Amino acid sequence: MEYGPAKRRAARALGRSGGRASELPGNDVVEDEVRNYLALFCADTQPFELAELRAIAAIWMERLAEFRPHLTGAVWRGTATRLNTIHLELFCDDSKAAELALIDRRVDYDAGSRPGPRGQDIDVLSVAHTSAELGERVTLHLSVLDHDDLRGALKPDASGRSQRGDLAALRKLVAKA
């Protein structure tokens with residue numbers, strides 16, 4: 001689950017549904033606690049699962065290289081387990097080009113949408129990838145963004161960490177691990 005919805009759900013569970021965002025912990029605090037949880041309860045499985053999810057992301061980033069894919073979310077940040085989906089952002093000159101590429105390659109997908117960086121809905125194409133190593137299907141969400149959105153997407157967060165990375169950045173991240 002993304003941190004925003006998770007924090008709101010936790011606030012409701014604690015009877016604080018009217019709480020303001022300023023009363024909730026920051027995403028960096030939540031992520032630190034997720035890392036603590038993973039280290040305590042998932043240390044024997046999470047590193048392997050993360051590595052496999054990153055390998056699958058790299059495969060799809062290579063396949064979709066023409067759309068300047070960037071990995072984001074828990075797989076990029078290192079907090080993913082087998083239960084997470086892979087989030088790729090595609091920066092396209094033509095918003096329908098990625099969908100046409102999937103059709104041309106005979107890739108089954110589901111189309112949906114979500115709010116984009118400019119407030120308008122963007123297309124999200126969801127595909128499944130079977131992982132023999134994990135023994136299950138992994139879902140990838142391909143968010144189709146405008147090529148111009150790439151400039152703002154590469155800005156680091158308040159702590160100086162990148163929210164996404166291209167294939168070269170992913171390979172560098174994996175090499176460090």
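A salt bridge here is a side-chain nitrogen of Lys or Arg within 4 Å of a carboxyl oxygen of Asp or Glu. I note that this is a predicted model, in which local features need pLDDT of at least 70 and side-chain atom pairs count only at pLDDT 80 or more, while totals for chains, interfaces and linings use all residues. Residues are numbered from 1 along each chain as its sequence is written, and side-chain values use heavy atoms, with hydrogens and water left out.

**Entry 1: salt bridges**

I looked up the total and found 14 salt bridges in the structure. I then took the pair Arg161 and Glu31, whose side chains meet at 3.3 Å, N to O. Arg161 sits in the loop between helix H6 (150-153) and strand S6 (164-165) and Glu31 in helix H2 (residues 27-41), so the pair ties together parts 130 residues apart in sequence. Helices (H or I, at least four residues) and strands (E, at least two) are DSSP runs, numbered from the N terminus.

For accessibility I used relative accessible area: buried is under 20%, exposed over 50%, and partly exposed in between (1.4 Å probe, protein chains only). Glu31 is buried at 4%, whereas Arg161 is partly exposed at 31%.

I also looked up Asp149, which forms a salt bridge with Arg118, the closest N and O atoms being 2.8 Å apart. This pair links distant parts of the chain, 31 residues apart: Asp149 is in the loop between strand S5 (136-146) and H6, and Arg118 in the loop between S3 and strand S4 (121-131). Asp149 is buried, with a relative accessible area of 12%. Elsewhere, salt bridges that share partners join Glu31, Arg35, Arg77 and Arg161 into one network.

A further pair I checked is Glu66 and Arg105, at 2.7 Å, N to O. Glu66 is partly exposed at 47%, and Arg105 is partly exposed at 39%.

**Entry 2: H3 and H7**

I looked up the packing of helix H3 (residues 46-63) and helix H7 (residues 167-176): the angle is about 155° and the axes are 10 Å apart. Axes are lines fitted to C-alpha atoms, for helices over the stretch in contact, and angles run from 0 to 180 degrees between N-to-C directions. That makes H3 roughly antiparallel to H7 (an angle over 145 degrees).

For contact I took heavy atoms within 4.5 Å. Arg54, Ala57, Ala58, Met61 and Glu62 in H3 meet Leu167, Leu170, Arg171, Leu173 and Val174 in H7. I sorted these contact residues by class and got seven nonpolar, no polar and three charged. Nonpolar covers Ala, Val, Leu, Ile, Met, Phe, Trp, Tyr, Cys and Pro, charged covers Asp, Glu, Lys and Arg, and polar the others, Gly among them.

Key. Parallel < 35°, antiparallel > 145°, perpendicular 65-115°, else oblique.
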